[in-house]
Amino acid sequence: MKKTVYLSLALLLASLLIKCKDTNAGFSPGPGDSRITGTWQLVERHFSKDSAKSVLTVNLSTRHDSVLVTIGNQVVKKDTVITKKDTVFVRRDTSFFTTQRYPLNPLQTLTFNDDGKLVASGPEMTYYNPIKYFRVDTTYPDSLFIDFYITTNRATVPVRQRLSIQPGMMTLLPNCAGGCYSKFVRVK
């Protein structure tokens with residue numbers, strides 16, 4: 001009887017685990033925007049160059065103290081100065097903004113497909129490698145935004161950037177205090 005109960009329980013758990021699968025067949029942001037569909041090549045980027053410098057500093061600290069000293073048979077209180085020397089490495093942020101221009105070879109491209117999919121290629125495009133989908137958001141009348149969708153832990157999250165489109169040129173403007181941008185020219 002116990003074997004039958006255990007076997008039934010095991011079969012029930014197995015059937016529940018089989019049904020526990022990801023039923024999300026895929027994510028679709030909708031059709032791509034005709035203004036940016038196609039392949040774009042990175043030509044210029046303005047970004048923050050992170051840097052940190054370690055500086056050796058010496059801190060001297062003095063303190064006045066009294067000590068008890070035995071002279072002969074008599075205990076005498078003497079004032080003294082104690083100096084302590086600390087050597088510390090202090091890290092200083094020496095970040096700065098730089099502009100880098102990119103040659104034709106190797107190609108650094110973003111391809112925006114008609115179905116809302118994004119393909120990045122080139123060694124400088126590693127930021128865009130985990131991004132598989134995009135959607136142009138035009139809800140604000142005076143500006144244009146693009147949502148890049150990143151899927152992690154079975155959740156698809158948009159990352160918004162400003163977008164500027166001119167004939168033959170596209171500029172992506174990430175949220176950055178120093179005016180960061182990436183400029184692209186249309187390849188096809």
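Reader: Before we look at single residues, what does buried mean here?

Author: Buried means under 20% relative accessible area. The model discussed here is a predicted one.

Reader: Then is Asp-147 buried or exposed, and why?

Author: Asp-147 has a relative accessible area of 9%, which is under 20%, so Asp-147 counts as buried.

Reader: Where does Asp-147 lie?

Author: Asp-147 belongs to strand 8, which covers residues 144-152.

Reader: And which side chain does the side chain of Asp-147 make a polar contact with?

Author: The partner is Arg-160, and the polar contact between the two side chains is 2.9 Å.

Reader: Which residues does Asp-147 touch, leaving out those up to four places away in sequence?

Author: With that exclusion, Asp-147 touches Tyr-133, Phe-134, Arg-135 and Asp-137, and also Pro-158, Val-159 and Arg-160.

Reader: Back to Arg-160. Which ring does its charged end sit over?

Author: The charged end of Arg-160 sits over the ring of Phe-145, at 5.2 Å from the ring centre. Another such arrangement involves Arg-45, whose charged end sits over the ring of Phe-47, 3.9 Å from its centre.

Reader: Let me change topic to the aromatics. How many aromatic pairs does the structure hold?

Author: The structure holds 3 aromatic pairs. One of them joins Phe-112 and Phe-134 in an edge-to-face arrangement, with 4.8 Å from centre to centre and 85 degrees between the planes.

Reader: Why does that pair tie together parts that are apart in sequence?

Author: Phe-112 is in strand 5 (residues 109-112) and Phe-134 is in strand 7 (residues 131-137), so the pair ties together parts 22 residues apart in sequence.

Reader: Are Phe-112 and Phe-134 buried or exposed?

Author: Phe-112 is buried, and Phe-134 is buried as well.

Reader: Now Tyr-128 and Phe-148: why is that pair edge-to-face?

Author: The ring centres of Tyr-128 and Phe-148 are 5.5 Å apart and the planes are at 65 degrees, so the pair is edge-to-face. The cut-off for that label is an angle over 60 degrees.

Reader: Which parts of the chain does the pair link?

Author: The pair links distant parts: Tyr-128 is in the loop between strand 6 (118-121) and strand 7, while Phe-148 is in strand 8, and they are 20 residues apart. Tyr-128 and Phe-148 are both buried.

Reader: Which residues do ring pairs link into a cluster?

Author: The cluster consists of Tyr-127, Tyr-128 and Phe-148.

Reader: Next, Tyr-181. Where is its place, and is it buried or exposed?

Author: Tyr-181 is in strand 11, residues 181-186. Its relative accessibility is 17%, so Tyr-181 counts as buried.

Reader: What is Tyr-181 in contact with, leaving aside neighbours within four places?

Author: The contacts of Tyr-181 include Glu-44, Arg-45 and His-46, as well as Thr-99 and Leu-172. The side chains of Tyr-181 and Glu-44 are joined by a polar contact of 2.4 Å.

Reader: How far apart are Tyr-181 and Phe-47, in sequence and in space?

Author: Tyr-181 and Phe-47 are separated by 134 residues in sequence, and their C-alpha atoms are 6.9 Å apart.

Reader: What share of the residues counts as buried?

Author: Of the 188 residues, 24% count as buried. The accessible surface of the protein chain is about 13,600 Å², with 55% of this belonging to carbon and sulfur atoms.

Terms used:
Residues numbered from 1 in each chain as written. Predicted model: local features only at pLDDT ≥ 70, side-chain atom pairs only at ≥ 80, totals over all residues. Heavy atoms only, no water. Buried < 20%, exposed > 50% of the residue type's maximum accessible area, 1.4 Å probe, protein only. Areas by Shrake-Rupley, 256 points an atom, 1.4 Å probe, with all protein chains shown as cover. Helix = DSSP H or I, 4+ residues; strand = E, 2+ residues; numbered from the N terminus. Polar contact = N/O pair within 3.5 Å; in protein donor to acceptor, adjacent residues only side chain to side chain. Contact = heavy atoms within 4.5 Å. Phe/Tyr/Trp six-rings, centres within 6.5 Å; stacked < 30°, edge-to-face > 60°. Lys NZ or Arg CZ within 6 Å of the ring centre and 35° of its normal.
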